[in-house]
Amino acid sequence: MARVLVVDDEPGIRTAMTRGLTAEGMEVVARGDGNAALEAALTGSFDAIVLDIILPGLSGYRVLEQLRSAGVDTPVLLVSAKDGEWDQADGLDLGADGYLVKPFAFVVLVAQLKAILRRRDAALGRVGQRVRLGSLVVDPVARAVSWDGEPVELSPREFALLHALASRPDTAVAKDDLLRIVWGDEGAASRNVVEVYVGYLRRKLDAVGAGQVLRTVRGFGYLVSSS
């Protein structure tokens with residue numbers, strides 16, 4: 001399931017895109033201004049960003065510029081009512097992966113977004129990209145975790161569990177979903193196994209002073225906090 005950040009200052013457009021992309025099987029997080037968009041995007045926890053250019057606070061151009069300056073390479077699809085060639089060139093020069101002019105058909109948005117995701121998957125080998133949540137860094141390419149620059153030694157299963165949670169920051173993930181993501185099948189292990197590995201992971205995070213990032217959502221599952 002691709003995780004997509006949708007940024008637009010018009011509530012109706014945000015709602016329509018959220019519903020449509022969710023129906024396409026994507027996990028959607030929506031923001032309505034540039035500052036909130038930048039804060040969310042800097043985590044590196046999204047597979048793609050649909051970013052309007054004209055926003056309150058920071059413009060889409062500035063959000064994109066700051067993302068690239070910070071080393072966040074999440075693919076960005078710019079959307080704007082500006083249809084000039086120079087506008088499109090400016091966006092692409094800043095590091096956008098696509099540019100879509102409003103008004104547009106939803107099927108075109110989905111097609112462009114899926115094309116961007118395919119290119120990203122090919123470039124990353126479907127492994128995923130580095131997630132940074134404050135002092136916590138989870139790098140699926142190097143299969144490494146650090147806290148405040150210090151390495152955290154995890155087993156492969158503990159790493160997969162942390163990555164599954166960290167790539168969905170501040171979002172409660174159900175135990176059944178974790179079984180499917182980490183163990184490959186809800187029937188491959190019991191919910192108790194998830195609890196056991198969360199205990200292992202929590203002890204190792206506690207040992208480096210990072211225990212507060214992993215939280216239990218009683219009766220449901222777990223989440224990793226970005227704050």
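In the predicted model, Leu-113 touches Val-4, Leu-21, Met-26, Ala-48, Val-50 and Leu-77, with residues up to four places away in sequence not counted. Leu-113 is found in helix α5. The relative accessible area of Leu-113 is 0%, so this residue is buried. Ala-164 is itself one of the buried residues of α6.

The domain assignment divides the chain into domain 1 (3-124) and domain 2 (131-224). Their centres, taken over C-alpha atoms, are separated by 27 Å. Contact between the domains involves six residues of domain 1 and eight residues of domain 2.

A cis peptide bond joins Lys-102 and Pro-103, with omega about -10 degrees. Most residues other than glycine have a negative phi, and most peptide bonds are trans. The relative accessibility of Lys-102 is 18%, under the 20% cut-off, and Lys-102 therefore counts as buried. Its side chain is joined to that of Asp-52 by a polar contact of 3.3 Å. Neighbours within four places in sequence aside, Lys-102 is in contact with Asp-8, Ile-13, Asp-52, Val-79, Ser-80 and Ala-81.

Helix α6 covers residues 156-166. The helix is mostly covered, with eight of its 11 residues buried. These are Glu-158, Phe-159, Leu-161, Leu-162, His-163, Ala-164, Leu-165 and Ala-166. An α-helix has 3.6 residues a turn, so residues three or four places apart point the same way.

Two residues of α6 were followed in detail. Glu-158 is found in this helix. Glu-158 has a relative accessible area of 5% and is therefore buried. A polar contact of 2.8 Å joins its side chain to that of Lys-204. With neighbours within four places in sequence left aside, the contacts of Glu-158 are Tyr-197, Tyr-200, Leu-201 and Lys-204. Glu-158 and Tyr-197 are 39 residues apart along the chain, and their C-alpha atoms are separated by 6.5 Å.

Leu-165 is also found in helix α6. The relative accessibility of Leu-165 is 0%, so Leu-165 counts as buried. Residues up to four places away not counted, Leu-165 touches Val-173, Leu-178, Leu-214, Tyr-222, Leu-223 and Val-224. The C-alpha atoms of Leu-165 and Leu-178 are separated by 8.4 Å. Along the chain, these two residues are 13 apart.

Positive phi values were found at two aspartates, Asp-148 and Asp-170. Phi of Asp-148 is near 55 degrees. Asp-148 sits in the loop between β8 (144-147) and β9 (150-151). Its relative accessibility is 56%, over the 50% cut-off, so Asp-148 counts as exposed. Phi of Asp-170 is near 60 degrees. The loop between α6 and β10 (173-174) holds Asp-170. At 44% relative accessibility, a value between the 20% and 50% cut-offs, Asp-170 therefore counts as partly exposed.

Rolling a probe the size of a water molecule over the atoms shows where empty space is left. The second largest pocket holds about 280 Å³ of space. It is lined by 17 residues, and the closest to its centre are Glu-39, Ala-40, Thr-43, Asp-170 and Ser-226. Elements giving two or more residues to the lining are β2 (27-31), α2 (34-41) and β6 (131-133). With three residues, α2 gives the most. By type, the lining divides into seven nonpolar, five polar and five charged residues. At least three lining residues come from each of domain 1 and domain 2.

Conventions: Residues numbered from 1 in each chain as written. Predicted model: local features only at pLDDT ≥ 70, side-chain atom pairs only at ≥ 80, totals over all residues. Heavy atoms only, no water. 1 Å grid on protein atoms, 1.4 Å probe; cavity = no way out; pocket = protein on both sides within 12 Å on 5 of 7 lines; lining within 4 Å. Points joined across faces, edges and corners; volume = space filled by probe spheres on them. Helix = DSSP H or I, 4+ residues; strand = E, 2+ residues; numbered from the N terminus. Nonpolar A, V, L, I, M, F, W, Y, C, P; charged D, E, K, R; others polar. Domains from an automatic or database assignment. Buried < 20%, exposed > 50% of the residue type's maximum accessible area, 1.4 Å probe, protein only. Polar contact = N/O pair within 3.5 Å; in protein donor to acceptor, adjacent residues only side chain to side chain. Contact = heavy atoms within 4.5 Å.
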